Each structure stands twice: as C-alpha cells, then as structure tokens.
Amino acid sequence: MNTLDKAAIGLLFLMVFSIFYSLFLLSVSSIAFSAIALYKYFSDKPKTAWKGFAPFGALILIFILTFISGINSEDLTHWLRHLRLKVPFLFIPIAFYLQRELVSKEFYKISLSFFLLAIASSFQIVYQVFDVDSILLLIKKGQTFSTPVDHIKYSIYIAFAIIIGLVHFVEKRNELPNWLKPILSIGSIYLFVILHLLAVRSGLAVFYISMFFILLRYAVQYKQRVLYAALAILMLAPFIAYKTIPTFNKKIEYMIYDLRMFQKGEGGNLSDSGRMYSYKVGWDIVKSYPILGTGIGDLKAVCKEKYKSLFGKDLEKYPHNQYLFILAGSGIVGLLLFLIGMCYPIFYFRKKQDSEFFAIWLIFIVSFLVENTLERSYSISFFLLFLLGGMCKMDQNHSNEEIVSNPQSR
C-alpha cells in the first residue's frame, strides 16, 4: 500500500471518529479523501473504467433533486443552503467508486472501528447513570442524557452499531479471531442496554424495525427454528426493558402522557406532539403542492404559514420524516428521484448481496421514517460512508466472482 492509499484509509478512520465528535474534521476528511481519489484518477494510466458506476451514481440523484427544486424556489438563500448541504452527494460517490478496491479491503475494519467507538463513547452515558434521580427527572421533562452528538442521531448510531456487530458475529463467526468474538457478542448486548437506557424513540424504532427484517431474512435463508425464536425474543424485549430499565420505563410513560396531550390539542412544545404536528403540517403541504412541492428553498416559510393557520403556532419546523420532507419540498417528482437513488443500489446488487450490505441499507431506509436524516451534515457523512463503503465491498465481491467464473476477463 503506497503513501496516498494509507492517507486515504486514515481519512476514512478519521471520518468515523468525526461522526461522533467533530463536524469540522468530518468536512476536512471528506474533502481530503475525495481530493486523493481524484488526484489518483488523473495521474493513473490507464484510467479507471466506469462500467460499474451506476449504483454509486444513483445517489447523485439526491443532489440533482435538490438542485431542480430551485426552479420553483423564491427563497434562493435557503435553497442554496440545502444545495450546499447536499454537495457531498455529488463528489463523494465518485471518490468511493474510484477508491472502491482499497475501501473494500478495509471496510471490515472501518465498520468494526465504528462499533468500538460506539462502545467507548457510551461510557459517558454509564457515568451519568450513577445520578439516577437527576436523569429520571430530566426524562419526566422530555429531556435525556448528555451525548457526544444530538441524542437522536446518537441513538441511531448505537442502533446501527448493535446490528452491524451482530451481523458480523453471525456472518463471520468462524473467520473471526478468538479475541474478537466476545467483543462483538458482549459489546452488542452492552449497546442494546445503552440504547434502552437512552430510551430515544427514533433509535429504538430504527433498531426494532430493522432487526425484525434482518432476523426474518436470516430465518427464511437458513430455515432454523432458533431464528424464529430470536424473532419472538425481539418482540418481547421492549416489555422486558419496560419492567427492568427505569429510564426506558419513564420514557414510555412520558410518551403516553405526551400523546394524550396531543389528542387534547394541548401538546405545546412536547417532543412527540411536536413530531405529530410536523407530520400534519407536512401532509397538508403535500396536498397543496403535490407535483413539484413548494421548492426546497421555500419549504421553511410554507411550514411556518401552515403551523400558524393549522395550529396557531409561531413555528417553522420541517417534517420529522425524510420521505415527507422531500414530498413537501420537491413533490412526487422529487420523491421518485429519491426512491430511485436509494433503491437502485439494492436492486443492482440483488443477486450478490450479503447481509451486512442489506442491514446497512435497511437501517437508513427505516431511519428516514422517523427523522429527516439527510438534512444534517453529520448524518449525511454517516450515511455516505457506510452505504458507499458497503457498495465498494459488494462491487469487489461481484468483480472477483466474475473473474473466477470467466478467467479470460483477467
């Protein structure tokens, strides 16, 4: 491995660290990684072939739909802000494709480093647990633990780490070094407890929905009764957590109270009520602007108008749902482009797809139901790093199998 390749891999590990701790380093490492990829491309002879670029390039549609939405956006300042936020969708898929062979070799270590960093970062949660009374009081007020990044994003990171740890353990159990097996198994259980201590609904929803479909996939694939038993245990887990984890218990009670207040029209600024208000506002916008949406640039102003007219509230929050956000801002046209961009990679790799890639893709698809995940820099980098990294591994596995089946293609 030459110096540039070592630097590129080092930057990917820096991205993993920065996802938890530094937006500045996250931007720097993403730009530097892309710069190295482009430098290598233009300095190499012969040039890289673009035959398999389609699944990587599909993600560029997310930038394109944001760009197109400027056509019917009067507020160009907000449109440019969203466009700037989506610039990584334009150049990072190209960078990963150009470096796909290198990334595929190191992707296992990259995903493992995320798992280990999730464990390390959670120690500050454990420290706070010792002050149980203060934490329970915060939860009663709709607040939660102090976390390295926003608690919603962090809970999704923890859910992601648990699933990736379990998939690695199940898929590669016979290939793993002996010292790593207990780390993956015990670490996944530990993070499962942390997820329920945090008791953030977005992370819990992502974990349970994603894990259900992953276990179902395993059950159909391997036809073992133990996997159906695991599905049953998964469905019982929330009830056990409710009885045994005080923070989870209090969060459920708060959620029930919050929803009752919403039904009475007294939700105010409570968290679940706010989410439900955002859904109603988003859906009302979709009904008013079904084809092209409001234009991303004008969406915030239209949200503010709808909050005022529907609920008499002076708010301008976006819908807490990525699909609804795109429908409201870019209409049916934008949503179709988004779904093509998201679903084409899983379709492209449908015959050679492994459980890890399916798990990564599924986690993000589910997260879009509970958050507008791709409207924040941290989440965009998290999304691109792991989805594109998974594509690199799938692409190289596919290429290697083609070489084995057709030696003349060497």
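Reader: Hi! Which residues touch the most other members in the largest nonpolar core?
Author: Hello! In this predicted model, that core has 128 residues, and Leu59, Phe96, Phe114, Phe338, Met342, Phe383 and Phe386 touch the most other members.

Reader: Let's zoom in on Phe338. What does Phe338 touch, leaving out residues up to four places away in sequence?
Author: Phe338 touches Ile62, Leu65, Gln322, Tyr323, Ile326, Phe368 and Leu374.

Reader: And the overall picture: how many helices and strands does the protein have?
Author: There are 19 helices and 0 strands. Of the 410 residues, 54% count as buried. Among contacts with a separation of 6 or more, 75% are between residues 24 or more positions apart.

Reader: Nice. What about the surface of the protein, how much of the accessible area belongs to carbon and sulfur atoms?
Author: Carbon and sulfur atoms make up 65% of an accessible surface of about 19200 Å².

Reader: Which residues form a nonpolar patch on that surface?
Author: Ile291, Leu292, Ile332, Val333 and Leu336 form one, with about 440 Å² of accessible area together. Ile291 sits in the loop between helix 15 (271–288) and helix 16 (296–311). Its relative accessibility is 49%, so Ile291 counts as partly exposed.

Reader: Switching to charges: how many salt bridges does the structure hold?
Author: It holds 9 salt bridges. One of them joins the side chains of Arg100 and Asp395, at 3.2 Å from N to O. That pair links distant parts of the chain, with Arg100 in helix 7 (residues 100–121) and Asp395 in helix 19 (residues 377–405), 295 residues apart.

Reader: Are those two buried or exposed?
Author: Arg100 is buried at 16% relative accessibility, and Asp395 is buried too, at 6%.

Reader: Which residue forms a salt bridge with Lys393?
Author: Lys393 pairs with Glu356, and the closest N and O atoms are 3.2 Å apart. This pair also links distant parts of the chain, as Lys393 is in helix 19 and Glu356 in helix 18 (residues 355–370), 37 residues apart. Lys393 is buried with a relative accessible area of 12%, and Glu356 is buried with 4%.

Reader: And where do Glu106 and Lys109 lie?
Author: Both lie in helix 7, 3 residues apart, about one turn of the helix. Glu106 is buried at 11% relative accessibility, whereas Lys109 is partly exposed at 47%.

Reader: On to backbone angles. What is the phi of Ala199?
Author: Ala199 has a positive phi of about 55° although it is not a glycine. For context, most residues other than glycine have a negative phi. Ala199 is in the loop between helix 11 (180–198) and helix 12 (201–222), and it is buried at 0% relative accessibility.

Reader: I'm looking at loops now. Where is Ser69 found?
Author: Ser69 is in the loop between helix 4 (60–68) and helix 5 (76–85). Ser69 is buried, with a relative accessible area of 4%. Its side chain reaches the backbone oxygen of Thr66 at 2.7 Å.

Reader: What does Ser69 touch, not counting residues up to four places away in sequence?
Author: Ser69 touches Trp79, Gly295, Ile296, Gly329 and Ser330.

Reader: Last one: where is His320?
Author: His320 is in the loop between helix 16 and helix 17 (322–348). A relative accessible area of 19% makes His320 buried, because the cut-off is under 20%. Leaving aside neighbours within four places in sequence, the contacts of His320 include Arg275, Tyr279 and Glu371.

Methods:
Residues numbered from 1 in each chain as written. Predicted model: local features only at pLDDT ≥ 70, side-chain atom pairs only at ≥ 80, totals over all residues. Heavy atoms only, no water. Helix = DSSP H or I, 4+ residues; strand = E, 2+ residues; numbered from the N terminus. Buried < 20%, exposed > 50% of the residue type's maximum accessible area, 1.4 Å probe, protein only. Polar contact = N/O pair within 3.5 Å; in protein donor to acceptor, adjacent residues only side chain to side chain. Contact = heavy atoms within 4.5 Å. Patch = residues over 30% accessible without salt bridge, like charges linked within 9 Å, V, L, I, M, F, W, Y side chains within 5 Å. Areas by Shrake-Rupley, 256 points an atom, 1.4 Å probe, with all protein chains shown as cover. Salt bridge = Lys/Arg side-chain N within 4 Å of Asp/Glu carboxyl O. Core = buried A, V, L, I, M, F, W, Y, C linked by side-chain atoms within 4.5 Å.
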